[in-house]
Amino acid sequence: MLLQYMKELLKSQGYKFLTLKMNRIHTPMKQVMMRLNYSGLIELDKCNVLEMFGFFGLWHTKDYVKYVKHIDFFEIDKKIIRYAKLGFRNDNVDFYCGDSIQYIGNTDKKYDLVIADSPICLDVYDKETGIPNFLGDMFRVSAENGALIFNIKTKHLTKYKKIREKIQLTSTKEVKDIFFVVRNKKITYVVVALGASLCNKQE
């Protein structure tokens, strides 16, 4: 009985949460935010943020939460989001249990910053560039003069010119800047700073 209990405990989301919390690895997200802020591309303290694929919120969310005004935090697994709430008790974060890809396809709400740290196991990427197939909806829910951040596999950086071209073609707003920040050998952040809407793409 004890052995079976230990096996179930090790499989539980609560155990995963505690393990990740005790061994939390900082990400480059703070540096990303500071670059956006200091370059005048966004005003962090006024940012309403959409966090897609939030998981436990113990990675990059913790690295930027204190710099922004508010976060709408989406996670599809109700067991995981229950533990995520424990890590943000004193922060301005609203939690939603739901599919964030469906949400950005339907909502009319606009966000100053849209972040999609999508799991690399999801089949939602362009095979050549690594760009997520929901990028158009990320642009749609982004406010003017805001920004969006998404991850690609680091190996796709060899196609950075095509990545930039596809972003420009997909965007419904002026693209002020695009830069890449390597998180680790597997994952790289793509950061897109936005300007005003492009009327000729709003037909």
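The model is predicted, so local features need pLDDT of at least 70 and side-chain atom pairs count only at pLDDT 80 or more, while totals for chains, interfaces and linings use all residues. Residues are numbered from 1 along each chain as its sequence is written, and side-chain values use heavy atoms, leaving out hydrogens and water.

Let's start with the two residues. Helices (H or I, at least four residues) and strands (E, at least two) are DSSP runs, numbered from the N terminus. Buried means under 20% relative accessible area, exposed over 50%, and partly exposed in between (1.4 Å probe, protein chains only).

What does His-60 touch? Beyond its neighbours within four places in sequence, His-60 is in contact (heavy atoms within 4.5 Å) with residues including Thr-27, Asp-117 and Tyr-189. As for Leu-50, its C-alpha atom is 4.9 Å from that of Asp-72, even though they are 22 residues apart along the chain.

Now for strand 7 (residues 187–197), where 9 of the 11 residues are buried. Two strands pair if DSSP finds at least two bridges between them. Strand 5 (residues 142–153) runs antiparallel to strand 7, joined by 7 bridges; Ile-152 has Thr-188 as its bridge partner there. Strand 6 (residues 173–182) also pairs with strand 7 in the antiparallel sense, over 8 bridges, and the two form a hairpin with 4 residues between them.
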